[in-house]
Amino acid sequence: MASNNPVPTASARLPSEFKTEYHPRSGRSTLFQPFDKFCISSEAQHAPIIDKEPWRPFRSRGDFEFSEIAIEAALNKSQINALLSLITRVSEGNAQITLKNEADLSKAWDNAAVELTPFSKHEVSVTYKKNEQVYEVHARPIWDWALDLLDNPLLAPHFVWDACRVFKHNGTRFERFIDEPWTADRWWDIQSSLPNVDGAVPFCFILYADKTKLSSHGTVKGYPVVVRCANLPIHIRNGETFGGGRIVGWLPIVPEDAGEEGKLGYTTLKHVVWQESFFKLLEHAAQYSKTGYSHKCHNDVLRWLFPIILILSADYEEQCMMSLIHGHGGKCPCLVCLVPLAELHDLSKTYPLRSMEEAKEALRVYGRSKAQGEELLKALGLWPVENIFWIMWFLDPHDVLSFDRLHSLHGGPRQHLRSCKIDDFPRWCNLNHFKSAINVSFSDGNKHQDLSKQSLYACLTILTARTSPEGYQLLCVISTYLQLDSLIGLDVHTEGTLMVIEAELLVFDTELKAYVTCAESSDIEKLKLDWNCLKTHLWKHIGVARNFSMRPNEKMHGPLKETYLHRMNGKDIATQILRVDHHKFALMLLRECVNQVDKYDGLQALGDDLPDEDVAVTFNGHVKLGAPTQHPSTILNLENRSSVDRAFQAFWRKFTEFINHSLPTYGHQLMNWITFPADYQIHKHCYLKVNYKLTVDWKQVTDHLTVEETIFVRLIFCLDVFALVQPYTARINGSRRMDRFFKLTCVKAIPRASSIFVPLSSFIRGAVLVPDPDHQDKHLVVDHINSDMFL
């Protein structure tokens, strides 16, 4: 975000929390909205006209639903025939299945897929050592895929065309934030650069490419290309429905040749093959990026669409192929700027950005004089190949390369730890638990991320300044690394968070240099000094991580491997895999239409009972109890538990006093003191869900808590609307240097016998506390579990 425009201060009487400034060419006025109206499209709330039989070309809904099961379960021909034969003989009820065999089903799949743009196979010819090499590429041009999306009436209301700048009032002024791609400066600048005609807007693509191993031994590989539409909201474009990511290409892999590897000519051959193959995906989009494409939207508004490559999402090696830089071995290995190889370690310095024009000029010189051109290209760290992305207007490849958080951050400094006691870390929903951090290896970046979060707390008492100066300094690096990871991973960035990231990068730079100095002078052998400074340097070129994330794309590798494992006969692998993927794509579209019909029929069945407005599910306030015990306990039996758990000491008295003191606050006036007999029965609940609004993006999320989880009070016993808890509110005298240095929050529990009752409505959210190994009654707050807890 590079805008220097002043942000006006809001009036003290302004009732709205959010402000949206639209691009001048949109013709839309500035919008002020309260929280409950922000990011809600009135168009998207009205369902389009629907087809009452959307499962066609299948003959019946039963046929369609059977085909879904068959393709998702990767049933082979004999399994399909056996299952259909059985269903035909014994089926009864409302759903009619007319399919008779696998051929019948396969024909139905093909008929459904006709509605969408198919893959086509092309040959790419490249001359190497005077011999013509031919490679196969499978492509579904990205503009043809875009037209499939534009023709979908269910997606039509969700497209966002105009750039905007969004602000949230922070109590003093409106502060700008960036979440979706159209809220960033680049979309605004692109729209300003388009021809000045009515309705000229960008249609923005996010492209991803990476090799993947299809066979368990890794001998068979695939090279899929995935596309997403940046004009759709993130829950759609990163989702698994029709508007989410789609495979649009299958690139050739130049075979490894031990005799040729490392030679300039062979390396250049690989880059030329990649670039020529990728052209098959871009040729139609490249044409319309110059002329525009006239399209009438669902609301009869005529727009002039210009295809734009907004983001290239890939790991570093793949981005080197996209940008044609030398990579690790080049003089300037950064994808975005011209930092020299020897200066990668210094995050305090800034270098000129790469530019397409500079690369074009070097290639022109190379065309005139190979010697002079090689000198220029070598200085820039570029291969002597024309970049295929240059055919797209409004595109400089170096501007659209994404920051790969998955590979740049989530290998993390954790890999340099030798030992830490990780098994004692508390378990938490959606957090991987580990028995050891020694000699472990994961291909899953999520596991690396979770292990990094837990390593700091697990090693605090092992790697101290006295016992291990090197280890202690490593913890200093890990601490600031976790700060950076949490900051960079925020789903929404504000002007303030971007400034904090810049400051924290300098802190990380200082601590990393201190660790390297300490390690170099250490007597400990084999300390790792290589911190892969290139990945660290790339942290300087960040954006909103969720828009660049590779996770949704890498997740698509799994179904490809399943298809290879269960559906392939070993011949023409790419064609077979892409045919199955195309069938899945077609069925996905039909499924969304069927779901829409079901939703419509359900609303129609309500008739006059249909509410005038949507009502959000709010549980009982913002909490919901679950997992009730099968048999209730008497109040006397609960108090008798105090012999084994002091938290139940005086349970009867505490419960009675709490009820009598609490009911008046809820509007129930008491004429007499309520007493409870010894046999009064109480139902315990073992599970609690808490809804709360995120600090980072203001959306509602849910925590899942169980009894005995710590949330600044420890849940001991849950009733219908109250809970017995042990608060972590005991006074701590002074603060330790370690807490201040590692930015730790320490809390202390009151004696368990001093447990109290609180209303469930007082719970805000869940949190993870890890025991302080040096003090049995103290805990440390883990604030890196998610971005909201961090903030």
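Which side chain meets that of Glu361 in a salt bridge, and what is the N to O distance?

Guide: This is a predicted model, and what follows should be read with that in mind. The side chain of Glu361 meets that of Arg364 in a salt bridge, with 3.0 Å from N to O. Both residues belong to helix H9, which spans residues 356-368. They are three residues apart there, so about one helical turn separates them. Glu361 is partly exposed, at 35% relative accessibility, and Arg364 is also classed as partly exposed, with a relative accessible area of 42%.

The total for the model is 23 salt bridges. Another of them joins Asp162 and Arg28, whose closest N and O atoms are 3.8 Å apart. This pair links distant parts of the chain, the two residues being 134 residues apart. Asp162 sits in the loop between helix H4 (142-150) and strand E5 (164-169), while Arg28 sits in the loop between strand E1 (18-22) and strand E2 (31-33). The burial of the two partners can be given as well. Asp162 has a relative accessible area of 9%, and because the limit for buried is under 20%, Asp162 counts as buried. Arg28, with 45%, is partly exposed.

A further salt bridge is formed by the side chains of Lys121 and Glu136, at 3.8 Å from N to O. Lys121 lies in strand E3 (residues 120-128) and Glu136 in strand E4 (residues 131-139), so this pair ties together parts that are 15 residues apart in sequence. Lys121 is partly exposed at 47% relative accessible area, and Glu136 is partly exposed at 38%.

Salt bridges can also be joined into a network. Glu343, Asp346, Lys349, Asp509 and Lys513 are linked in this way. Helix H15 covers residues 495-520, and its axis comes within 9 Å of that of helix H14 (residues 469-488), the two crossing at roughly 160°. Because an angle over 145 degrees counts as roughly antiparallel, H14 is roughly antiparallel to H15. The crossing of H14 past H15 is left-handed. Residues that make the contact include Glu470, Leu474, Val477, Tyr481 and Leu484 from H14, and Ile501, Glu504, Leu505, Phe508, Glu511 and Leu512 from H15.

Asp581 is located in helix H20 (residues 573-606) and is buried, with a relative accessible area of 7%. The side chain of Asp581 has a polar contact of 2.9 Å with the side chain of Arg246.

Asn660 is part of helix H22 (residues 651-662) and counts as buried at 5% relative accessibility. A polar atom of the Asn660 side chain lies 2.7 Å from the backbone oxygen of Thr656. Not counting residues up to four places away in sequence, Asn660 touches Leu670, Asn672, Trp673 and Ile674.

Technical notes
Residues numbered from 1 in each chain as written. Predicted model: local features only at pLDDT ≥ 70, side-chain atom pairs only at ≥ 80, totals over all residues. Heavy atoms only, no water. Salt bridge = Lys/Arg side-chain N within 4 Å of Asp/Glu carboxyl O. Helix = DSSP H or I, 4+ residues; strand = E, 2+ residues; numbered from the N terminus. Buried < 20%, exposed > 50% of the residue type's maximum accessible area, 1.4 Å probe, protein only. Polar contact = N/O pair within 3.5 Å; in protein donor to acceptor, adjacent residues only side chain to side chain. Axes fitted to C-alpha atoms, helices over the stretch in contact; angles between N-to-C directions. Parallel < 35°, antiparallel > 145°, perpendicular 65-115°, else oblique. Left-handed = near helix turned anticlockwise from the far one by under 90°. Contact = heavy atoms within 4.5 Å.
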